[in-house]
Amino acid sequence: PSGSRHLFASAGSSKRVSRTTARGHRVDGLHLSEARAYAEPEEVWAAAGKALSANGWAVCESTPSANRESWFANNWLLTRDGVGAFDKAHFFPWYKDPLKRLSPTSAAYKAMTSPDFVECLPSGMVADEDRLGLDLTQRAYRRRERATGDPWTRRLAVCESPETPEEVFVDTSQNHYLDRGA
């Protein structure tokens, strides 16, 4: 079809992407990104379902809103409990992201791993890092995010880089820049 192309990810996979230009055509696959930020996500999800072919698939991904009652967060929680609109409720903790690390040559890494800084960490923080199996670059990242800055910044960092699904819903007491409904 017109507009077809192949995208190749670094893992060697490929995806055929094309646009449907005629009314009444169905789509085989649909990716809805950052669904929490949609103005009317229920309507988008309903329309997407009607547009899919019989064997079609849809991926709806987002960091959930801090508001458990938002459409995406509510459906994710329901699906996790076995009764939601999605087939699966995936959760990816921040430490699975290879980009969330501090370079060992950076000043921030050296500061976050210095014995003086480590001595001042909140009780249990190093034990939590051990439990999670974090390497030193991940520990430095986690410490920068969770042990520096003002209390609101630290709470926001927990929401943006959660280790458990419950951490997504930490009360930040201020609107997050993407969360209109928080």
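Biologist: Which residue caps the N-terminal end of α7?

Modeller: This is a predicted model; local features need pLDDT of at least 70, side-chain atom pairs count only at pLDDT 80 or more, and totals for chains, interfaces and linings use all residues. Residues are numbered from 1 along each chain as its sequence is written, and side-chain values use heavy atoms, without hydrogens and water. At the N-terminal end of α7, a side-chain oxygen lies 3.0 Å from the backbone nitrogen of W152. That oxygen belongs to the capping residue, D150.

Biologist: Which helix do the buried residues of α7 pack against?

Modeller: Helix α7 covers residues 151-160. Its buried residues (under 20% relative accessible area, 1.4 Å probe, protein chains only) are L156, A157, V158 and C159. They pack against α6.

Biologist: At what angle do α5 and α6 pack?

Modeller: Two packed helices are described by the angle between their axes and the distance between the axes. Helix α5 spans residues 125-132 and helix α6 residues 136-147, with axes 11 Å apart. The angle is about 135 degrees.

Biologist: Is E129 buried or exposed?

Modeller: E129 sits in helix α5. It touches L134, R139, R142 and R143 (heavy atoms within 4.5 Å), not counting residues up to four places away in sequence. Its relative accessibility is 0%, so E129 counts as buried.

Key. Axes are lines fitted to C-alpha atoms, for helices over the stretch in contact, and angles run from 0 to 180 degrees between N-to-C directions. Helices (H or I, at least four residues) and strands (E, at least two) are DSSP runs, numbered from the N terminus. Buried means under 20% relative accessible area, exposed over 50%, partly exposed in between (1.4 Å probe, protein chains only). A polar contact is a pair of N or O atoms within 3.5 Å; within protein, one must be able to donate a hydrogen and the other to accept it, and residues adjacent in sequence count only if both atoms are side-chain atoms.
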